[in-house]
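Dear colleague,

Please find the structure below. My notes on it follow.

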Amino acid sequence: YDERPYASIFFISHFLISIDPEQKQSFSTSLDLGIIGPGAKGEEEQKAIHKALNNIQPLGWEYQVASDYILNYNLRLEKSLFENKHLEFIGLINTRLGTLYDDVSAGVLLRTGWMQTYFKNLGLTKHPDSESKTNKFQCYFYSKGEIKTVVYNATMEGGMFNKNNIYTIPSNDIERVVTVAYAGIVVAYKSVSIEFTKAYLSPEFKGGLPHGWGHCAITVCF
């Protein structure tokens, strides 16, 4: 049993990305504005889904962190380290600053298979009619690993402004170095892709458990 506090989050994000195919790099920034805690209505949403599916009601929401404001600025740099027709190594640096997360991470992305270069529309065909036939179909495997240094995490320590929390994890118990890993497969045709990914997250606090999950995604490039 992983005794971590509940934290529902609702935010609106403004996202900008700049891709340089010649230098084989990308730079992205985002600004998140929102609410953490009961004001985000995560409890009501999860209970409504369980009720609609005739499932047992989820427990533990009484230990949710208190409502607080989110203002976070995020920066990410990606740079090609090695590239040929069927293999790419890409270096990653990411930092988040604000009232929700404060951390810095670095890692590497590996892609191998039949694919477009990552720094051409981030791997999808934006205008399929103008592409050669060999680029319309893609099928590749990818894996990504990152090491993150954590300064502050409001989902466990509570928000910066509202200290009226029933249950938080003491700052001394937070793991300050966390590992995140992903592995997946992508199949794409023209501007549409289907992806299946498995993820791993090392324990985020002392006595905590590692976590793993999977997700499927369908992406359409306009």
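How many nonpolar, polar and charged residues are there in the lining of the largest cavity? Six are nonpolar, one is polar and five are charged. Bear in mind that this is a predicted model.

The search of the whole structure turned up two cavities of 30 Å³ or more. The largest cavity holds about 50 Å³ of space. Its lining is made up of Arg 96, Tyr 101, Asp 103, Lys 148, Val 150, Tyr 152, Asn 153, Met 156, Ile 174, Glu 175, Val 178 and Glu 204. Strand S6 (137-153) and S5 are the elements that give two or more residues to this lining. The largest share, four residues, comes from S6.

On the cysteines: the structure holds zero disulfides. A disulfide would need two cysteine sulfur atoms within 2.5 Å. The sulfur of Cys 139 has its closest cysteine sulfur in Cys 216, 15 Å away, so the two are too far apart for a bond. Cys 216 is likewise in no disulfide, as the nearest cysteine sulfur is that of Cys 139. Cys 139 counts as partly exposed because its relative accessibility is 26%, whereas Cys 216, at 65%, counts as exposed.

On confidence: the chain averages a pLDDT of 89, and 91% of the residues score at least 70. Within the chain, strand S5 (residues 101-114) has the highest confidence, at a mean of 97, and strand S1 (residues 9-20) the lowest, at 84.

Regards

How values were computed. Residues numbered from 1 in each chain as written. Predicted model: local features only at pLDDT ≥ 70, side-chain atom pairs only at ≥ 80, totals over all residues. Heavy atoms only, no water. Buried < 20%, exposed > 50% of the residue type's maximum accessible area, 1.4 Å probe, protein only. pLDDT = per-residue confidence, 0-100. 1 Å grid on protein atoms, 1.4 Å probe; cavity = no way out; pocket = protein on both sides within 12 Å on 5 of 7 lines; lining within 4 Å. Points joined across faces, edges and corners; volume = space filled by probe spheres on them. Nonpolar A, V, L, I, M, F, W, Y, C, P; charged D, E, K, R; others polar.
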